[in-house]
Amino acid sequence: MSTGTTRTPRGGRRLRSMAAVGSAAALVLLSGCSIGQANSAPSQDATAYHTTTPIKHTVVIFGENVSFDHYFGTYPKAANADGTPFTPVPNTPKVNGLTPDLLTKNPNAYNPKRLGPSQAMTCDQEHGYKQEQQAFNGGAMDKFVENTEQDKCTGQPVLFGEPGLVMDYYDGNTVTGLWNYAQYYAMSDNSYNTVFGPSTPGALNLISGQTHGARSEPHHP
């Protein structure tokens, strides 16, 4: 789900008690430029299509299984403690993200902690329908550690994990590319999905506003 000197209006209201695993981090790129060749399809000049605004294409970067705050909680302020400074353009607005109280007096079992570049590969967090519903706790938004925490995992390379990981966040010193995109496009820091669960239902709901008719198909190698 703001940003920089060229941005679109933000709308809606996002509950702000924690870093919600089920809420996707979506960055919307609104482009007036031509999109070149995709796969084997011929390229098409965007100027050939009549639109009521200069926007010809909408590209959505949809972060799976993590919250908006996981990537953008302190945007546009980065700690700049790792030798990779991030400097926002002047007058960059703040997001509806991790306030001082949410960083130091969070209602969840752990306060959010900053993850540095050496912790860029982390455990995937639980994102099932039941677990996310339990984590929301009737709107109190205070049971994410108990229900969606995955603080230990294996992988190649070895993934980082620690107690409270579900609450932790990056800044522009690690997710520099996303923060640079955010300087010039729009992000949904006040966007809430209407469905709990994994990525595919969430993506369908983002585009269509509902998930009716979606079904799992058997896996075929």
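Guide: Helix H4 (144-148) is what the buried residues of H3 pack against. Contact here requires heavy atoms within 4.5 Å. This is a predicted model, in which local features need pLDDT of at least 70 and side-chain atom pairs count only at pLDDT 80 or more, while totals for chains, interfaces and linings use all residues. Residues are numbered from 1 along each chain as its sequence is written, and side-chain values use heavy atoms, with hydrogens and water left out.

Visitor: Which residues of helix H3 are the buried ones?

Guide: In H3 (residues 129-136) they are Glu 132, Ala 135 and Phe 136. Seen down the axis of H3, these buried residues fall within an arc of 100°, so they line one face of the helix. The arc is taken from the directions from the helix axis to the C-beta atoms. Just after H3, Asn 137 has a positive phi of about 50°.

Visitor: What makes up the fold as a whole, in helices and strands?

Guide: The protein has six helices and three strands. Along the sequence the pattern is β-β-α-α-α-α-α-β-α.

Visitor: How many disulfides are there?

Guide: A search of the whole structure finds one. The sulfur atoms of Cys 123 and Cys 153 are 2.0 Å apart. The cut-off for a disulfide is a pair of cysteine sulfur atoms within 2.5 Å. Cys 123 and Cys 153 therefore qualify.

Visitor: What hand does the disulfide of Cys 123 and Cys 153 have, and why?

Guide: The torsion about the S-S bond is about -85°, so the disulfide is left-handed. Cys 123 lies in the loop between helix H2 (100-104) and H3, and Cys 153 in the loop between H4 and helix H5 (176-182), so the pair ties together parts that are 30 residues apart in sequence.

Visitor: What makes Lys 113 and Glu 162 a salt bridge?

Guide: The closest N and O atoms of Lys 113 and Glu 162 are 3.6 Å apart. That is within 4 Å, so the pair counts. Lys 113 lies in the loop between H2 and H3 and Glu 162 in the loop between H4 and H5, so parts 49 residues apart in sequence are tied together. Glu 162 is buried, with a relative accessible area of 19%.

Visitor: Which side chain does Asp 168 meet in a salt bridge?

Guide: Asp 168 meets Lys 113, at 3.7 Å from N to O. This pair links distant parts of the chain, 55 residues apart: Asp 168 is in the loop between H4 and H5, Lys 113 in the loop between H2 and H3. Asp 168 is buried, with a relative accessible area of 0%. Lys 113 is partly exposed at 32%.

Visitor: What does Pro 163 contact?

Guide: Leaving aside neighbours within four places in sequence, Pro 163 is in contact with Tyr 110, Lys 113, Glu 149 and Asp 151. Pro 163 sits in the loop between H4 and H5. It is partly exposed, with a relative accessible area of 44%.

Visitor: Which peptide bond is cis?

Guide: A cis bond joins Tyr 75 and Pro 76, with omega about 5°. Pro 76 lies in the loop between helix H1 (68-72) and H2. Asn 91 is in the loop between H1 and H2 too. Asn 91 has a positive phi of about 70° although it is not a glycine. Its relative accessibility is 77%, so Asn 91 counts as exposed.

Technical notes:
Helix = DSSP H or I, 4+ residues; strand = E, 2+ residues; numbered from the N terminus. Buried < 20%, exposed > 50% of the residue type's maximum accessible area, 1.4 Å probe, protein only.
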